[in-house]
Amino acid sequence: MLKKAVLTVPGEKGDFHSLEVQYNPSTLNLSVSARSAAYENPQTHKMHDQVDQNTDSGELTLSFDLVIDDDGGRDVRKTLQGFLGMMFQESSRKIAFGWGDMNFEGSLEHINASFDMFDSSGTPVRGKVHMEIAQRDFKGVVNDELRQP
């Protein structure tokens, strides 16, 4: 049996709901960015030629695309608008993505929706949602996985 990916999203009352995706993503992208902090000596202030120092924290981002089809009466526009609406309140940006043994929790940082297919009257019947979920201040999450023996 095909295992479906699941998004866990906040509800209106602070509870969480699991939403099974219609189609599993074809790709999952992970990216890492390091953070840097300016070093300042309180006695000399920051000098112009001083280099920012890397810190031991960063951001790990998972991005993927979800395809949304008109599934016998399901309005693609309302579904995509529902995803876009998650960005309007900070409390609704906490999200988790799970598929198989992979679980990724973080904050929804970016979302983009597009309509890809229309019926003869111009009504969208297929759309795509691009999502980016970020984990901030992770330490060693990727390092142990990528460390060479």
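User: How many helices and strands are there in the protein?
Analyst: This is a predicted model, where local features need pLDDT of at least 70, side-chain atom pairs count only at pLDDT 80 or more, and totals for chains, interfaces and linings use all residues. Residues are numbered from 1 along each chain as its sequence is written, and side-chain values use heavy atoms, with hydrogens and water left out. Helices (H or I, at least four residues) and strands (E, at least two) are DSSP runs, numbered from the N terminus. The protein has two helices and seven strands.

User: In what order do the elements run from the N terminus on?
Analyst: Both helices and strands belong in the list. From the N terminus on, the order is β-β-β-β-α-β-β-β-α.

User: What percentage of the residues count as buried?
Analyst: Buried means under 20% relative accessible area, exposed over 50%, and partly exposed in between (1.4 Å probe, protein chains only). The protein has 149 residues, and the buried share is 28%.

User: Which residues is Phe-64 in contact with, leaving aside its neighbours within four places in sequence?
Analyst: Contact means heavy atoms within 4.5 Å. Phe-64 is among the core residues that touch the most other members. With those neighbours left aside, its partners are Leu-7, Pro-25, Thr-27, Leu-28, Phe-97, Val-129, His-130, Met-131 and Ile-133.

User: Is Ser-63 buried or exposed?
Analyst: Ser-63 has its place in strand β4. Leaving aside neighbours within four places in sequence, Ser-63 is in contact with Thr-27, Leu-28, Asn-29, His-130, Met-131 and Glu-132. Its relative accessible area is 11%, so Ser-63 is buried.

User: Which residue in β7 is the bridge partner of Ser-114?
Analyst: Two strands pair if DSSP finds at least two bridges between them. β6 and β7 pair in the antiparallel sense over 10 bridges. In β7, Ser-114 has as its partner Lys-128.

User: Which residue takes a positive phi in the hairpin of β5 and β6?
Analyst: β5 and β6 run antiparallel, joined by six bridges. Ile-95 stands opposite Gly-106 in β6. The hairpin has two residues between the strands, and the residue with a positive phi near 60° is Gly-100.

User: Which residues lie nearest the centre of the largest pocket?
Analyst: On a 1 Å grid over the protein atoms alone, a pocket is an open set of points where a 1.4 Å probe fits, with protein on both sides within 12 Å along at least five of seven lines; lining residues have an atom within 4 Å of a point. The lining divides into nine nonpolar, three polar and two charged residues. Here Ala, Val, Leu, Ile, Met, Phe, Trp, Tyr, Cys and Pro count as nonpolar, Asp, Glu, Lys and Arg as charged, and the others, Gly among them, as polar. Of the 14 lining residues, those nearest the centre are Leu-7, Leu-19, Arg-74, Thr-79 and Phe-83.

User: How many residues of the lining of the second largest pocket are polar?
Analyst: Pro-10, Gly-11, Glu-12, Gly-14, Phe-16, His-17, Gln-89, Ser-91 and Ser-92 line this second largest pocket. Two are nonpolar and one is charged, while the polar residues number six.

How values were computed:
A nonpolar core is a set of buried Ala, Val, Leu, Ile, Met, Phe, Trp, Tyr and Cys residues joined through side-chain atoms within 4.5 Å.
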